[in-house]
Amino acid sequence: MLSLPYKMIPFLLSWGAMLLVLLRRFSAHRRTAIAAGIVGYACGEAGAWLLFHLYSAEVAVGVMKSAVGVGFLLLWSAAVIAIYRSTGRGFPSWGESVGRTKVFAGGIALAAGVLMGGIVACRLAGTGSGTIACFVAALAAVVLAGAAFVVEEKLPDLFTVSPAGAMAALVSLLLFTSSSIIRLDLFAPLSMKVMKFAHDFVHQFFESMLIPDHLFIRSYLWGYIGLLFGKGVGFWGALAIWFIPVLLILLSVNLERLPPVAHIRQGAKRRKMVAAAIENRRLRLVVPALSCVVFSLAVYRSTFPAVEYWDPKPVPVTAAANGEIVIPKKGEVDLEDGKLHKFLYRQNGNQARFMAVMTPEGKLTVVLDACAICKPDGYGQAEGSVVCYYCKTLIPMDTVGKPGGCNPVPVPFTEKEDGVHLDAVALVNTWTTTVQSTTRVKEEGK
Amino acid sequence: MPSAIIQTTGLTRSYGDICALKPLDLTVPEGEWLSVMGHSGSGKSTLLNLLGGLDRPSDGSLRVGNEDLRGLTEDGLARFRREFVGIIFQQHHLVPYLTAVENVMLSQYFHSVPDEAEARFALERVGLGHRLKNRPGELSGGEQQRVCIARAIINSPKLLLGDEPTGNLDHQSTLMVMELLKELRAEERFTIVMVTHNPEVANWGDRTIHLDDGVLVREERKS
Amino acid sequence: MNKRRWLLHMVLRALAHRRGRTILLLAVLAMASSLTTALGLVSLSMGKRVAEEIRKYGANVVIMPEKARLTVGSGGLNFGEISEPVYLSQRQVEDVLARSGMRAERSLHLRGALRLQGGDIPVEGVDFTQIRRLFPWWQITGGWPAAGEAVVGRDLATRYRMKPGDLLELAAPQKVVRLRVAGIVATGGEEDGLLFMGLPELQDALGLNGNVTLVRLLVTSDGGGLGQKVSVLQGLLPGAKVSEVRQIARTSEGLLAKVKLLMILVTTVVLISAGSSVTGTMSTTVLERSKEIGLMKAMGGTRWEVLMLFSAEAALMGIAGGIAGYLLGSGIAQFITRTVFAASSEMIPWFICVSVGASFFLALLGSLGPMVSVFKLDPVRSLRGE
């Protein structure tokens, strides 16, 4: 396991890259941009830290998550505007002039800084690091800002960034950093949303058409409709939503008109101008193309999170003759250490995976290693909560043992002096019904 | 007094022990037509290559336009050649598998972007409007040389270098080519430096310098 | 005209100008790429197939009479014919199995021939409940048979135009057997050419009560001691030969390995010689076109731009050769799997990436040396004709 400073490297690199883009975009107001960025970073980190301590982690993370989400929505609108403008249609001229003001440059840099600082604070809070770590992170950010200020000056003038390109770069870097914190990750919830939407849509739509005997629906069509229920829909749909803005921005740069050259009499000069414009346009593609790569990295980090879950191997248990499973409190494992413990009960080809855990309130709970709605991929434990591997939903430790949603399904048990007692038959029955129903839900469209 | 487009002081080029060009001081004002005469091996081709940025001097200073050619990198020299210089060769050096128009477009390609209409127009200007789609093998020597001229001037160079451009042509074609160069110079106002051993051809220029064994021996100005 | 299109146009013109050499290079590249493709396809599809066959081979031990000859030919896992009818005693085998205390699913087979419409057809007597357990991959059209019914292999059914429900009259030496066809079986193996009926009925018809020709066992080997169990059984059954089916499958694997090795050798040689012939041809081309290169540099092309023009030629040829190589290679792979393994390989569409990649890199790698000389070439000297 890498130590914390190493893990912060991607965050700081992203911060540096972000500043480079900001400085290049607002090259007329470099000092304003860098100052606003640093101030924003400090405020963001401090603000998130306060939220964590005044309210709760849930609130802080929720606020940050929605802020990043808003950034993504803004990227969408920027992309739409960019593509609209590239078709040569007019755009209110105040947009142009506002984009060049010092206030605008400062504002964008401030916002980017606040978000980045907040994300870093969330990361640090998630590992339980204290004030000193936050302070060091802020210091590193300032040093990096200085470095970025120097490096940007050295970059060749040929590289320019279009407004939408800058937006794409900023948002991609924010999403990249936030994707490495499971609670802040946007891609997994997005794909869940898309899948749920597809489900609901198909249900609503086809129920209103009186399926399955509707005249227009042939049986083979059901094959295609079934695709909408597949696991892939969520992923591919989310992927489309994820990448379309940056692709639109790339397209809009590519569609940019070349400057008018007909008035230049001399052929050589005219051609030189055209060639320079094409070269310029190609260089402006660099930043959005790199953002595209960063977006893919974010998806990768979200799909294969680098966070280490506490996920013990299930311990096989057997039932006594009276059909009772007894798990001693201090036996092979210590049930009361606050960690998740998994057990596997197997009998006559039936099996049931379940977990025992001590909640923060100090109550022992026994639950299935499966929930009532997802495929039984199981749970892992991280950052004060358990996470469902299938839908990546985080369930706070306090609510483990309560039924509903993606919470692990509770199992009836009795706590005695020597340990936890449960009924094997009831356990197997709960497991079987749960797993059967979730498997059926997943396949009902087929 | 027009400013100098070429200025050399103590320009030297030696290949090992052989000194092809002894220290040479030469100034060519903008718009001049300079003829360089001499026997073979007198260093006139070496001078031309140096002026065109194809070769590097061993010593001395060499300024063409506003560029100090000694300070340029290999790619910088290439960029200088494409924007500043047009060259006409004795052997024409047309690409055999490209048509006349495509040969001109090749020059445009290296300069910036190919533009067929413009290339076509350039060929019409040198009187080859009817031979656009012919390959070099299907053209006569004089026609090939005119394609070569069209290719040399397509990027509006400030300096046109001719390396015995009429060396392979008969008398009539020579006259035609020289007449064409004169016309084009009147329109485009480029400077011409032309190496030749034909006094009649040299006479078309404003000034003639004679090189012998890498040394400038004589200079005559047309009155 | 767009710069990129102009580049393509020029490259195509240059390639067309030296038609003979282009075709030669394309052929070399296509050949190299096709062999690579064929090698990849054969090892991919056959490797998978052999693995599948081993896996689906439910029985892992066979007991045969001592004198029955086992031949493994091009058919992969087919058992050869029995040289002269030799039989195992059903009771002896069952006794031994019971005595050895082994947990083993078993299937008893009796192979014989019966006369149908004037011709002999191979018939196998089996216990269908055992078959269903040991050979779960049998695909039956129709139904599993009851007493007095039979299952016909697909090929046999096609030959005699049988379908489920038909009544057959089979003549045995002593008597006539009447059977109803319950289903058609397709396995892709030798079963397709056989007629299956109840073991007791066939034993009765052939007058071979208590005899079988083959016993297949699915020995659950807990702890990898299959070989040891085989030798235990062998010791208890002196008149029979007990062997692991794994050995039979291994022959196929061995054959595949040998074919692969041969192909790797051939491909390596071809790749090396193709690479050097690319180098040779490209060197000649570059030498011939040195004036052209000098001219391009004199006109103001940077060394990189000129290099790109020539690399584009090599790359284009590489891609074209790769596509041709993919088509050709799939053909070769098909040929090899047909003749050597009597199976057909599949076309794998994504493999075109491998073919094109191989040819592309071969073309670029082969022209690396010539490209260096393109890069370094001095325009003054080349234009002077040195």
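This is a predicted model: local features need pLDDT of at least 70, side-chain atom pairs count only at pLDDT 80 or more; totals for chains, interfaces and linings use all residues.
Reader: How do you know what chain A is built from?

Author: Chain A has 14 helices and 11 strands. Of its 446 residues, 36% are buried. As for contacts between residues at least 6 apart in sequence, 75% join residues at least 24 apart.

Reader: Why is H2(A) called roughly antiparallel to H8(A)?

Author: Look at the angle. Helix H2 (residues 9-25) of chain A packs against helix H8 (residues 163-179) of chain A at about 170 degrees, and their axes are 10 Å apart. Anything over 145 degrees counts as roughly antiparallel, so H2(A) and H8(A) get that label.

Reader: Which residues make that contact between H2(A) and H8(A)?

Author: From H2(A) come A:Pro10, A:Phe11, A:Ser14, A:Ala17, A:Met18, A:Val21 and A:Arg25, while H8(A) brings A:Ala166, A:Ala169, A:Leu170, A:Leu173, A:Phe176 and A:Thr177. By class, the contact of H2(A) with H8(A) has 10 nonpolar residues, two polar and one charged.

Reader: And why is H8(A) called roughly parallel to H13(A)?

Author: That's the other end of the scale. The axes of H8(A) and helix H13 (residues 286-303) of chain A cross at roughly 20 degrees and come within 8 Å. Angles under 35 degrees count as roughly parallel, so that is the word for H8(A) and H13(A). The crossing of H8(A) with H13(A) is left-handed.

Reader: What makes up the contact of H8(A) with H13(A)?

Author: Residues of H8(A) in the contact include A:Gly165, A:Ala168, A:Ala169 and A:Ser172, and those of H13(A) include A:Val287, A:Pro288, A:Leu290 and A:Ser291. The residues divide into 12 nonpolar, five polar and one charged.

Reader: How do you know that S1 and S3 of chain A are paired?

Author: Count the bridges. Two strands pair if at least two bridges are found between them, and three bridges join strand S1 (residues 315-317) of chain A to strand S3 (residues 341-347) of chain A. The two strands run parallel, and A:Val315 stands opposite A:Phe343 in S3(A).

Reader: What about S3(A) and S4(A): parallel or antiparallel?

Author: Antiparallel: S3(A) pairs with strand S4 (residues 350-358) of chain A over seven bridges. One bridge has A:His341 partnered with A:Ala356 in S4(A). S3(A) and S4(A) form a hairpin with two residues between them, and A:Asn348 in the turn has a positive phi of about 50 degrees.

Reader: What makes S6 and S10 of chain B edge strands?

Author: Strand S6 (85-88) and strand S10 (215-221) of chain B each pair on one side only. They belong to an open sheet of six strands in the order S6-S7-S8-S3-S9-S10 (chain B), with mixed pairing. From one strand to the next, the twist averages 20 degrees.

Reader: How do you know that S7(B) and S8(B) are paired?

Author: At least two bridges are needed, and strand S7 (residues 159-163) of chain B has five with strand S8 (residues 191-196) of chain B, in the parallel sense. B:Gly162, for one, has B:Met194 in S8(B) as its bridge partner.

Reader: Which strands of chain B does helix H1 lie across?

Author: Helix H1 (residues 44-51) of chain B lies across strand S3 (33-37), S7, S8 and strand S9 (207-212) of chain B, at about 155 degrees to S8(B). Helix H5 (residues 141-153) of chain B lies across S6 and S7 of chain B, running at about 170 degrees to S6(B).

Reader: How many residues of chain B are in contact with chain C?

Author: 24 residues of chain B are in contact with 21 residues of chain C. H2(B) gives the most to chain B's side, with six residues. That side has 13 nonpolar, four polar and seven charged residues.

Reader: And how many residues do chain A and chain B bring to their contact?

Author: Chain A brings seven residues and chain B eight. On chain A's side there are three nonpolar, two polar and two charged residues.

Key
Residues are numbered from 1 along each chain as its sequence is written. Chains are lettered from A and ligands numbered from 1 in the order in which they are written. Two residues are in contact if their C-beta atoms, placed from the backbone, lie within 7 Å. Ala, Val, Leu, Ile, Met, Phe, Trp, Tyr, Cys and Pro count as nonpolar, Asp, Glu, Lys and Arg as charged, and the others, Gly among them, as polar. Axes are lines fitted to C-alpha atoms, for helices over the stretch in contact, and angles run from 0 to 180 degrees between N-to-C directions. Helices (H or I, at least four residues) and strands (E, at least two) are DSSP runs, numbered from the N terminus. Angles under 35 degrees count as roughly parallel, over 145 as roughly antiparallel, 65 to 115 as roughly perpendicular and the rest as oblique. A crossing is left-handed if the near helix is turned anticlockwise from the far one by less than a right angle, and right-handed if clockwise. A residue is buried if 20 or more other C-beta atoms lie within 10 Å of its own, exposed if 12 or fewer, and partly exposed in between; C-beta atoms are placed from the backbone.
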